[in-house]
Amino acid sequence: MNVLAEKQGVQGISASKDDTFVVKFIDQILLDAIEKKASDIHFEPYDDLYRIRYRLDGFLTEVAAPSIHLANRITARIKIMSDLDIAERRIPQDGRLKITLPSSRIVDFRVSSCPTINGEKVVIRILDSEATKPDIEQLGLTCNQQSTLFQALQKTQGMILITGPTGSGKTVSLYAALNILNTIETNIITIEDPVEIKIPGINQVNVNPKAGLTFATALRAFLRQDPDVIMVGEIRDKETAEIAVKAAHTGHLVLSTLHTNSAVETITRLFNMGIPAFNIAGSVALIIAQRLVRRLCNHCKTVTAGIYKPRGCVHCTNGYRGRTGLFELLPVSKTIANMMIKGSSSIDLLKQAQHEGMMMLNQSGLALIQQGITTIEEVNRVSIE
C-alpha cells in the first residue's frame, strides 16, 4: 500500500474493522517512511482532524489524514509496540520499538508521546543503521577538508569538536569518524543521549540522569576503562567540558559536539564555560562547523543561464532528494593556539584561520551551487547572518 495513494481512502472505516485496520496501517506507515528515508514520523491530533507527517530531508510533509475517531487507537497501538503505558495519557513517555524488514534488516525506532490539548501527539524517530552509516566521502567534505579531518583522526590525543544547531548532521559526522577509528586495536567508548545507532565493536552508553549517569559521571568512569577514543554526545556544561579537556590532555582522542554557529565561536563558547584559554589551546585539535542542505534531484533538476533549479518529479520531494553537508574546518595551529592564549578576539582568530586556508560555510555552499548539487535558496536558508 502506498500511503500517499491511500490518503483519501483512510476515511470511513467501520468500527468493527478499526483495530485490524490500525494494525496494518501503522505497519505500512513505518515501512513507507523507511522506504522514503524519512527521519521522523509525526502523529498529530487536532479538534476535527488527525494528521500524519514525515520529515523528509529536514522538511515536514503530510502523508495521511486518518479519521479523527481513530486517533486513540493509533496512539494505543504505537504505545503497545513500544512498551509504553497505554493508560497513562497525562505525562510524556519515551520508548523504543524495532521491526524486521522482508530483507531481514532490523530497523530501530525511538518513540516519544506528549499530551496536548487535543490528545496525545506521538513522534517516532527512525534509527536506521543502514541509512546512517556514511563514510567520510559521503558527508560532503571537499578533498582538502577530508585530508584535514583524516590528519586529526590519526592523532593519539586531542579533541575534535563538531558544532552546529540541532538537525545539522553532527551525530552522523561523529559516527562517520568513529567508523574510521573502529579497529580491533582501538578501545572506543561513547556516552550518548540516547544511543541512536548501535555500532559493533564500540562500547556505547546511554545517559541516565535519574540514576545519576550523566555525561560527566560517565566520562570519569571511562577514564578508568583504558580507552583510546572517547566520544561524548554533547558538551553541555563546565564539568563535562573540564573532564573532556583533561582526557584530551592525557593521551586520549576525544570527539564531541557543541551548539555554536561557527568554528571560531566554539572557542568563545568553551572560554565562557570557564575553560582557561591555555587548556583550550592545548587540547583542541580540530573544530568543525556544519549545516545540511537539500540536494537537487538528479532526475528533474533544470539549469538556466548556469543556475540550477528544482522542478519536482516522482523520484523526489519538490525537486530535492537527500541532503549533503556544508563545512568549515578550523585546525588549531600553533599560531592560532598562541593567539588564543594571548586573548585574541574572535575576529582576529577568524582572519588567521582564513589566512591559513579555512573555507567558510558560505564558500562551501557556493562550491555546491556551482556543481549543481544544491541551490542558492538552500545555502541562504542555512547561512548565518
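Colleague: Which residue lies over the face of tyrosine 320?

Modeller: Keep in mind that this is a predicted model. The distance to the ring centre of tyrosine 320 is 4.0 Å. A charge counts as over a ring if CZ of Arg is within 6 Å of the ring centre and within 35 degrees of the ring normal. The residue is arginine 294.

Colleague: Over which other ring does the charged end of arginine 294 sit?

Modeller: Here the distance from the ring centre is 4.0 Å. The ring belongs to phenylalanine 59.

Colleague: How are the rings of phenylalanine 21 and phenylalanine 25 arranged in their aromatic pair?

Modeller: A search of the whole structure finds one aromatic pair. Its centres are 5.3 Å apart, with 15 degrees between the planes. Planes under 30 degrees apart count as stacked, so the pair formed by phenylalanine 21 and phenylalanine 25 is stacked.

Colleague: What separates phenylalanine 21 and phenylalanine 25 along helix H1?

Modeller: Both residues are buried. They are four residues apart in H1, residues 18-35. That puts them apart by about one helical turn.

Colleague: Where do the buried residues of H9 fall, seen down its axis?

Modeller: In H9, residues 334-341, the buried residues are Ile336, Ala337, Met339 and Met340. They fall within an arc of 160 degrees, so they line one face of the helix.

Colleague: What covers the buried residues of H9?

Modeller: Strand E15 (320-331) is one of the covering elements. The cover also includes helices H7 (263-272), H8 (277-283) and H10 (346-355).

Colleague: Which glycine takes a positive phi just after H9?

Modeller: Its phi is about 85 degrees. The residue is glycine 343.

How values were computed: Residues are numbered from 1 along each chain as its sequence is written. This is a predicted model: local features need pLDDT of at least 70, side-chain atom pairs count only at pLDDT 80 or more; totals for chains, interfaces and linings use all residues. Side-chain values use heavy atoms; hydrogens and water are left out. Buried means under 20% relative accessible area, exposed over 50%, partly exposed in between (1.4 Å probe, protein chains only). Helices (H or I, at least four residues) and strands (E, at least two) are DSSP runs, numbered from the N terminus. The arc is that of the directions from the helix axis to the C-beta atoms. Contact means heavy atoms within 4.5 Å. Rings of Phe, Tyr and Trp (its six-membered ring) pair if their centres lie within 6.5 Å; planes under 30 degrees apart count as stacked, over 60 as edge-to-face and the rest as tilted.
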